[in-house]
Amino acid sequence: MAVPLTALPGNAGTPVDPTLERDAHQFYDTLSDLIRVYQFRDRDRICCYDVSVSQCYGLEALVRKGPMTLNDLAAYLYLDKSTASRVVDALERKGYVARAPHPDDGRALLLAPTETGRELYARIESDVVGEERGLLADFDPETRTVMIRLLGRIARAASARVEATGGSCCRIPEKG
């Protein structure tokens, strides 16, 4: 059977498998639904802790990855530097993040979570993981393992295709 040609941007004249085309549309629809639900859940749950979703993601990055510069944080969060700066300013005002001189670059500052910030993130993470535990309980352990690996691969593949400027840590690391 001949594979039809499509006129997708950047793919003019490239053969496209119709099954792949159908799967891409279904994947887009399903992932969009999942992201929408999680964004609502994040907004609904996280703002109860006196931080916005963006502030929570910034705090999470600093807790999990360790101190980093504003440029690196902006790249990790896929934000422009000015937006990341506003996120950090708010976290600093609330006492969750502190700035310190960078030990290797006198022009830069390192951002790090305060003890209060670490405690806040631990509470948020505990609540969210509890929700995930309830969601995953209906799946057998083998299925959970496959889902986690698959979502990790999808996240890394998507990350590799996103342009994030300003820092050096914007890729999602490989996890077995």
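**Questions on a predicted model**

Me: Which residue has its backbone nitrogen 3.1 Å from a polar atom of the side chain of aspartate 140?

Reply: This is a predicted model, in which local features need pLDDT of at least 70 and side-chain atom pairs count only at pLDDT 80 or more, while totals for chains, interfaces and linings use all residues. Residues are numbered from 1 along each chain as its sequence is written, and side-chain values use heavy atoms, with hydrogens and water left out. A polar contact is a pair of N or O atoms within 3.5 Å; within protein, one must be able to donate a hydrogen and the other to accept it, and residues adjacent in sequence count only if both atoms are side-chain atoms. At 3.1 Å from the side chain of aspartate 140, the nitrogen belongs to glutamate 142.

Me: Is aspartate 140 buried, partly exposed or exposed?

Reply: Aspartate 140 lies in the loop between helix H5 (115-136) and helix H6 (141-160). Buried means under 20% relative accessible area and exposed over 50%, with partly exposed in between (1.4 Å probe, protein chains only). Because its relative accessibility is 41%, aspartate 140 counts as partly exposed.

Me: In what order do the elements of the chain run?

Reply: Helices (H or I, at least four residues) and strands (E, at least two) are DSSP runs, numbered from the N terminus. The chain holds six helices and two strands. From the N terminus on, their order is α-α-α-α-β-β-α-α.

Me: Which residue caps the N-terminal end of H1?

Reply: Helix H1 covers residues 18-46. A side-chain oxygen lies 2.8 Å from the backbone nitrogen of threonine 19, and the residue that supplies this oxygen as the cap is aspartate 17.

Me: Which helices do the buried residues of H1 pack against?

Reply: The buried residues of H1 include Arg41, Asp42 and Ile46. Contact means heavy atoms within 4.5 Å. The partners in this packing are helix H2 (53-65) and H5.

Me: Why is H3 largely enclosed by the rest of the structure, and which elements do its buried residues pack against?

Reply: Six of the eight residues of H3 are buried, so this helix is largely enclosed. The buried residues are Leu70, Asp72, Leu73, Ala74, Ala75 and Leu77. They pack against H2, helix H4 (81-93) and E2.

Me: Which residue follows H3 with a positive phi?

Reply: Helix H3 spans residues 70-77. The phi of the residue that follows is near 60°, and that residue is tyrosine 78.

Me: What percentage of the chain counts as buried?

Reply: The chain has 176 residues. The part that counts as buried is 25%.

Definitions and conventions. The expected span of a helix is 1.5 Å times one less than its number of residues.
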